[in-house]
Amino acid sequence: MPVITFANTKGGAGKTTAVLLLATELEQMGFKVTILDADPQYWISRWRDNSAGKTGIKVIPYVTQASLEKHIQEGRREADYVLIDLPGARTPLLAKAIGHSDHVLIPIQGCSMDAQGGAHVIELMQYLADRGNIHIPFSVVLTRVNSMVTTRALQTVKALLAERRVHVLNTPIIERSAFRDVFDCGGSLHTLATGRASNIDKARDNARAFADEVLMHEALRCRKLQLGRAASLQAVA
Ligand SMILES: Nc1ncnc2c1ncn2[C@@H]1O[C@H](COP(=O)(O)OP(=O)(O)OP(=O)(O)O)[C@@H](O)[C@H]1O
Ligand SMILES: [Mg+2]
């Protein structure tokens with residue numbers, strides 16, 4: 001089953017938040033989800049400890065370069081989706097996780113001019129394609145975007161990505177306090193009490209739209225694979 005890695009070598013880009021939003025939305029839709037927590041800060045594992053009785057998402061803590069492959073194989077067997085949360089650093093784990101992924105999501109802060117950490121990952125993806133003939137689909141997801149105004153920083157980041165012809169998801173992850181509250185309270189946006197956070201409905205809609213878009217790209221990727229296989233079989237016949 002598909003493996004989706006979240007990568008940006010810059011700390012604080014919004015990787016862990018995006019992993020948690022996608023995982024909890026997929027669970028809400030009825031999918032079985034495993035998260036591999038390879039971030040030494042273990043935010044996802046702490047969230048899982050805080051979520052007793054509120055989620056069935058399986059979290060594997062302390063994932064290292066040595067254990068990654070084994071956990072991916074187990075996850076592929078057991079779950080509908082395997083999500084990998086990486087540290088915000090350039091580590092050998094990054095290339096290994098990317099190499100085993102079906103899709104790489106690169107969260108880049110829409111509120112910050114600094115898209116450098118995302119650019120490192122994009123360069124790595126392009127290197128793998130050019131030198132290793134390894135073509136893994138990747139998309140940027142803009143994070144912490146201001147819901148009220150389109151800032152100059154956001155316009156600059158979008159222009160840079162368009163120049164490099166990088167695919168950007170239509171749905172940005174908006175800056176919302178509810179996304180932070182999920183870490184504090186455990187569970188998901190759906191188990192969070194309505195009065196606990198402001199604009200909870202908008203936060204839920206945002207998370208759902210993000211998950212829907214990721215699923216749509218997964219469905220397209222699978223369709224392309226099937227068409228590719230059918231074409232190869234016809235060529236052989
Ligand atoms: N959309 C958002 N709305 C509100 N707060 C957010 C949002 N995204 C991230 N944050 C906050 O920004 C901080 C960094 O986010 P997060 O931990 O998701 O980034 P990260 O890329 O995983 O960081 P690291 O590289 O350190 O692992 C956290 O305090 C988180 O709660
Ligand atoms: Mg993190």
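I number residues from 1 along each chain as its sequence is written, and I letter chains from A and number ligands from 1 in the order in which they are written. Because the model is predicted, local features need pLDDT of at least 70 and side-chain atom pairs count only at pLDDT 80 or more, while totals for chains, interfaces and linings use all residues.

**Ligand 1.** I looked up the residues near the ligand (C-beta atom, placed from the backbone, within 6 Å of it). There are 20 residues around ligand 1, and Gly11, Lys15, Thr16, Thr17 and Gly88 come nearest. Two elements give two or more residues to this shell: helix 1 (15-28) and helix 7 (177-185). Helix 1 gives the most, with three residues. Elements here are DSSP runs numbered from the N terminus: helices are H or I of at least four residues, strands E of at least two. I then sorted the shell by class and got five nonpolar, nine polar and six charged residues. Nonpolar means Ala, Val, Leu, Ile, Met, Phe, Trp, Tyr, Cys and Pro; charged means Asp, Glu, Lys and Arg; the others, Gly among them, are polar.

**Core.** I took a nonpolar core as a set of buried Ala, Val, Leu, Ile, Met, Phe, Trp, Tyr and Cys residues joined through C-beta atoms within 7 Å. Buried means 20 or more other C-beta atoms within 10 Å of the residue's own, exposed means 12 or fewer, and partly exposed lies in between, with C-beta atoms placed from the backbone. The largest core has 61 residues, and those with the most contacts inside it include Val19, Leu22 and Ile106. Helix 1 supplies the largest share of this core, seven residues. I checked Val19 for contacts (C-beta atoms, placed from the backbone, within 7 Å). Leaving aside neighbours within four places in sequence, Val19 is in contact with Phe6, Ile35, Ile44, Leu83 and Asp85.

**Strands 5 and 6.** Strand 6 (residues 138-143) is mostly covered, with five of its six residues buried. Strand 5 (residues 103-109) pairs with strand 6 in the parallel sense over six bridges; pairing needs at least two DSSP bridges. Ile108 stands opposite Leu142 in strand 6.

**Met1.** I found Met1 in the segment before strand 1 (3-6). Met1 is partly exposed because 16 other C-beta atoms lie within 10 Å. Not counting residues up to four places away in sequence, Met1 touches Arg76, Ala79, Asp80, Tyr81 and Val82. The C-alpha atoms of Met1 and Ile72 are separated by 9.7 Å, with the two residues 71 apart along the chain.

**Positive phi.** Asn133, not a glycine, has a positive phi of about 55°. Asn133 lies in the loop between helix 5 (116-132) and strand 6. Is Asn133 buried or exposed? Asn133 is exposed, because 7 other C-beta atoms lie within 10 Å. Arg144 also has a positive phi, near 55°. Arg144 sits in the loop between strand 6 and helix 6. Arg144 is buried, with 21 other C-beta atoms within 10 Å.

**Asn146.** Asn146 is in the loop between strand 6 and helix 6 (152-163). Asn146 counts as partly exposed, with 14 C-beta neighbours inside 10 Å.

Conventions. Two residues are in contact if their C-beta atoms, placed from the backbone, lie within 7 Å.
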